[in-house]
Amino acid sequence: MASRRIAVVSAGLSNPSSTRMLADRLAAETVRALAGHDIEATVDVVELRDYAHDITNNLLTGFAPPALETAINTVVSADALIAVTPIFSTSYNGLFKSFIDVLDPDALAGMPVLIGANAGTARHSLAIDYAIRPLFAYLHADAVSTGVFAASSDWGGAGDDVAPLAKRVEKGARELAEAIARRDTTEVLDPYDPATYLGEGRSFGHMLGGLAGE
């Protein structure tokens with residue numbers, strides 16, 4: 001069984017928070033979905049509220065304190081990312097954006113990402129597609145098509161009866177698991193390996209020998 005690691009970034013400000021609750025549900029369901037692909041997954045959670053001062057210091061000085069540097073490495077070295085933020089004023093919160101700003105712009109390129117968001121009402125659900133998804137597109141991350149939004153009512157008994165939160169979580173997690181599995185089966189070509197452009201088993205000697213015989 002293959003093993004992969006998922007980083008979870010939660011930008012909730014309170015403790016406990018519905019942001020973390022959503023992040024945990026997405027992570028657990030993704031681990032379950034990956035098991036169906038014969039992939040064993042581990043999960044590392046980064047609670048951004050624990051690094052709020054360090055993130056500010058990094059923005060001001062250009063240097064990440066050791067604890068924040070460890071958190072950044074946890075995220076950028078993962079095989080996939082689950083990113084969950086509360087919606088403030090129709091967009092991601094400042095803590096979430098500030099953390100993204102201290103990452104190297106190319107650090108998430110090609111990484112499968114599942115986006116999650118939460119707010120008081122379902123009226124903010126479109127923020128995933130008009131605010132958060134473009135951010136990850138700019139970073140060249142591979143955000144799966146389903147983003148999971150949770151309103152306050154989803155945690156009680158008055159949630160969406162047509163597409164309940166559990167179903168949305170399952171769909172998003174399944175798509176992330178599929179993206180991770182696809183990435184595992186994609187051959188990564190080394191641009192400096194002669195086999196990439198000369199063919200398997202061939203070298204510059206074969207090319208030069210062929211030219212000499214012409």
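What follows goes through the aromatic rings and then the cavity.

Modeller: This is a predicted model, where local features need pLDDT of at least 70, side-chain atom pairs count only at pLDDT 80 or more, and totals for chains, interfaces and linings use all residues. Residues are numbered from 1 along each chain as its sequence is written, and side-chain values use heavy atoms, with hydrogens and water left out.

Colleague: Why is the pair of Y92 and F96 called tilted?

Modeller: Rings of Phe, Tyr and Trp (its six-membered ring) pair if their centres lie within 6.5 Å; planes under 30 degrees apart are stacked, over 60 edge-to-face, the rest tilted. Y92 and F96 have ring centres 6.1 Å apart and planes at 40°, so the pair is tilted.

Colleague: What makes F96 and F136 edge-to-face?

Modeller: Their planes stand at 65°, with centres 6.3 Å apart, so that label applies. The pair links distant parts of the chain: F96 is in helix α4 and F136 in helix α5 (residues 127-138), 40 residues apart. Helices here are DSSP runs (H or I, at least four residues).

Colleague: Why does F96 count as buried?

Modeller: Buried means under 20% relative accessible area (1.4 Å probe, protein chains only). F96 has 1% relative accessibility, so it counts as buried. F136 is buried too.

Colleague: Which residues line the largest cavity?

Modeller: The lining includes V9, L81, F96, F99 and F136. A cavity is a set of points on a 1 Å grid over the protein atoms alone where a 1.4 Å probe fits but cannot get out; lining residues have an atom within 4 Å of a point. Helix α4 gives the most, three residues.

Definitions and conventions
1 Å grid on protein atoms, 1.4 Å probe; cavity = no way out; pocket = protein on both sides within 12 Å on 5 of 7 lines; lining within 4 Å. Helix = DSSP H or I, 4+ residues; strand = E, 2+ residues; numbered from the N terminus. Buried < 20%, exposed > 50% of the residue type's maximum accessible area, 1.4 Å probe, protein only.
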